[in-house]
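Here is a briefing on side-chain contacts and surface patches. Please read it beside the model.

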Amino acid sequence: MTELPDYYFRVRENGAAVFRIDTENRHRRIEMDQIAVVNIRNGEIKPQGDRSLSDADLSVIRNWMDDRSKLLKARTLDDIARTVDHLNLTTQWAQSKASEEELNTITDELLLAMHDLRSVLVRKKADRLARED
């Protein structure tokens, strides 16, 4: 049997609930004791109840937070790359397969979203270029 980790992180919207895993009990059951709640956005680590976290607990939690932040950043960049692919596929669909009714249904919404994105990208690029000068 594979050995279980000492900690389990139940992912939540902005972080995780952190549990200490115990398999060394008299019933040989897996027990999960919640020790903290973490928020990746603000870096906050809140011990559960009256508990105080050990240096080892804090080290594991901070490492998880760093790893999780890197994973989420990579996923975001992958999502953006997929969005570029979807835009290209949408262009091909609009050019070669879309009916007039389908285009009437989606054109305004798509144009507004693309205009909004273009405006943000142009402004951000102009800001970067201005800082380089």
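Leu-121 counts as exposed, at 51% relative accessibility. Buried means under 20% relative accessible area, exposed over 50%, and partly exposed in between (1.4 Å probe, protein chains only). Leu-121 is found in helix H2. This is a predicted model: local features need pLDDT of at least 70, side-chain atom pairs count only at pLDDT 80 or more, and totals for chains, interfaces and linings use all residues. Residues are numbered from 1 along each chain as its sequence is written, and side-chain values use heavy atoms, with hydrogens and water left out.

**Surface patches**

- Leu-121 belongs to a nonpolar surface patch with Leu-87, Leu-111, Met-114 and Leu-117. Together these residues have about 440 Å² of accessible area.
- Accessible areas come from the Shrake-Rupley method with a 1.4 Å probe; for residues, only the protein chains shown count as cover.
- Helix H2 gives the most to this nonpolar patch, with four residues. Helices (H or I, at least four residues) and strands (E, at least two) are DSSP runs, numbered from the N terminus.
- Patches are made of residues with over 30% relative accessible area and no salt bridge; like charges are joined within 9 Å, and nonpolar side chains (Val, Leu, Ile, Met, Phe, Trp, Tyr) within 5 Å.
- A positive surface patch is formed by Arg-123, Lys-124, Lys-125, Arg-128 and Arg-131. Lys and Arg count as positive and Asp and Glu as negative; His and the chain ends are not counted. The place of a charge is taken as NZ of Lys, CZ of Arg, CG of Asp or CD of Glu.
- Lys-125 is found in helix H2, residues 100-132. Lys-125 is partly exposed, at 47% relative accessibility.

**Salt bridges**

- A search of the whole structure finds four salt bridges. Each is a side-chain nitrogen of Lys or Arg within 4 Å of a carboxyl oxygen of Asp or Glu.
- One of them joins the side chains of Arg-20 and Asp-57, at 2.6 Å from N to O. This pair links distant parts of the chain: Arg-20 is in strand S2 and Asp-57 in helix H1, 37 residues apart.
- Asp-57 is buried, at 2% relative accessibility. Arg-20 is partly exposed, at 30%.
- Asp-78 and Arg-82 meet in a salt bridge at 2.8 Å, N to O. They are four residues apart in helix H1, so about one helical turn separates them.
- Asp-78 is partly exposed, with a relative accessible area of 35%. Arg-82 is also partly exposed, at 48%.
- Lys-46 and Glu-44 form a salt bridge at 3.8 Å, N to O. Lys-46 is partly exposed at 46%, and Glu-44 is partly exposed at 35%.

**Aromatic pairs**

- Rings of Phe, Tyr and Trp (its six-membered ring) pair if their centres lie within 6.5 Å; planes under 30 degrees apart count as stacked, over 60 as edge-to-face and the rest as tilted. The count comes to two aromatic pairs.
- Tyr-8 and Phe-19 form a tilted pair, 6.1 Å centre to centre with 40° between the planes. Tyr-8 lies in strand S1 (residues 7-12) and Phe-19 in strand S2 (residues 15-22), so the pair ties together parts 11 residues apart in sequence.
- Tyr-8 is partly exposed, at 38% relative accessibility. Phe-19 is buried, at 5%.
- Phe-9 and Trp-64 are stacked, because their ring centres lie 4.6 Å apart and their planes are at 0°. The pair links distant parts of the chain: Phe-9 is in strand S1 and Trp-64 in helix H1 (residues 55-96), 55 residues apart.
- Phe-9 is buried at 14% relative accessible area, and Trp-64 is buried at 16%.
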